[in-house]
Amino acid sequence: MKKVKGRMDESILVCVYYGPNGERLIKRGCKIASMLDCPLYILTIDPMPFDEMDAEKSFYISSWKELAQQHNVEEFIIKENEKRPVSKVIAEVAREKHITQIVLGQTAQSRWEQMTKGSIINTLLQEIPFVDLHIISVSRSVRNQEGHFEKGCRAYLVKEKEQYRLQFTHSKAAEYEGIFFKEQGTDFNNGLFKFMKNKQTLYVQVIEDYVNDFTNVDITDSIDEN
C-alpha cells in the first residue's frame, strides 16, 4: 500500500536515459519529492521494443525499478517502441500525471538530440511552460568513465576460493549477474562489473578476469583533475 502524499499540488518526473548517471538523477528526484512530500514518477523512453533491448539496457531498467521500489515511487513508466520526438513524449506524460517539476540530466540533451534533432529544453519550455525544469549537471568523472569503457555486456561472477571469476555464460555456479564494462585498449578482461547486491547498485573492479575486492568504485564523485 502506497503512502499517502502530503501535497498533491506538486509532482515530480525524473527522465532517465541509459548510463551511470540515471541512478544519480533518480536519487535527486527522490530527494526533491521527499522534501515536498509529493508523488514521484520515473520515465525512460526507447525507440526499440522492450523485447529487443540488449543486456545493458535491460540491466539499467532492472536497477531503476529496484530504486523505484525502495523509494516508493508512484510509477515507473517505460515508453518502448517510441518513434515520436522524446520531448513530445515527456510533455504528454507530464500532462497526464499533472507534473509540476521535471528532472533531466545534462547528458540526455546530447544523446536525445540525436533522436529528436532539436533542443529538448527549448521544446519542453514551449510544450509545457507551466512545468519547472531541473537540469542536473553530470560530474566530469562520469563523462570520462563513459569514454574509457567499451559497451557493456551481460556477465556473471563465479566464486573460486577467495576470488570471483568473470564469465560470460550463465551456469548454476554463477552467484552474481550484471554488466561488464571492459576498459578500452586492453587485451585482458579489465574493467568494471556492475550488479545489484543487498538492493544496492555496485561497481567493482575486474582485474584480468577476477574480482578480489567488493568495495564499490565511485564513478560519479571523484576524479583526478590532472
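Helices, taken as H or I runs of at least four residues, and strands, taken as E runs of at least two, are DSSP runs numbered from the N terminus.

**View 1. The whole predicted model.** In this predicted model, the protein has six helices and 11 strands. Of its 226 residues, 46% count as buried, and the protein exposes about 12200 Å², of which carbon and sulfur atoms supply 46%. Among the contacts with a separation of 6 or more, 64% are accounted for by residues 24 or more positions apart.

**View 2. Strand β2, covered on both faces.** Strand β2, which spans residues 40-45, is mostly covered, with six of its six residues buried. On one side of β2 lie L40, I42 and T44, and on the other Y41, L43 and I45, and all of these are buried.

**View 3. The strands paired with β2.** Strand β1 (residues 12-15) runs parallel to β2 and is joined to β2 by four bridges, with L43 of β2 as the bridge partner of C15. Strand β3 (residues 75-79) also runs parallel to β2, and here five bridges join the two strands; in this pairing Y41 stands opposite E75 of β3.

**View 4. The crossing of helices α3 and α5.** The axes of helix α3 (residues 86-96) and helix α5 (residues 120-127) come within 9 Å and cross at roughly 35 degrees, and the crossing in which α3 passes α5 is right-handed. From α3, the residues S87, K88, I90, A91 and R95 meet I120, T123, L124 and E127 of α5. The residues of this contact divide into four nonpolar, two polar and three charged.

How values were computed. Residues are numbered from 1 along each chain as its sequence is written. This is a predicted model: local features need pLDDT of at least 70, side-chain atom pairs count only at pLDDT 80 or more; totals for chains, interfaces and linings use all residues. Side-chain values use heavy atoms; hydrogens and water are left out. Buried means under 20% relative accessible area, exposed over 50%, partly exposed in between (1.4 Å probe, protein chains only). Contact means heavy atoms within 4.5 Å. Accessible areas come from the Shrake-Rupley method with a 1.4 Å probe; for residues, only the protein chains shown count as cover. Axes are lines fitted to C-alpha atoms, for helices over the stretch in contact, and angles run from 0 to 180 degrees between N-to-C directions. A crossing is left-handed if the near helix is turned anticlockwise from the far one by less than a right angle, and right-handed if clockwise. Ala, Val, Leu, Ile, Met, Phe, Trp, Tyr, Cys and Pro count as nonpolar, Asp, Glu, Lys and Arg as charged, and the others, Gly among them, as polar. Two strands pair if DSSP finds at least two bridges between them.
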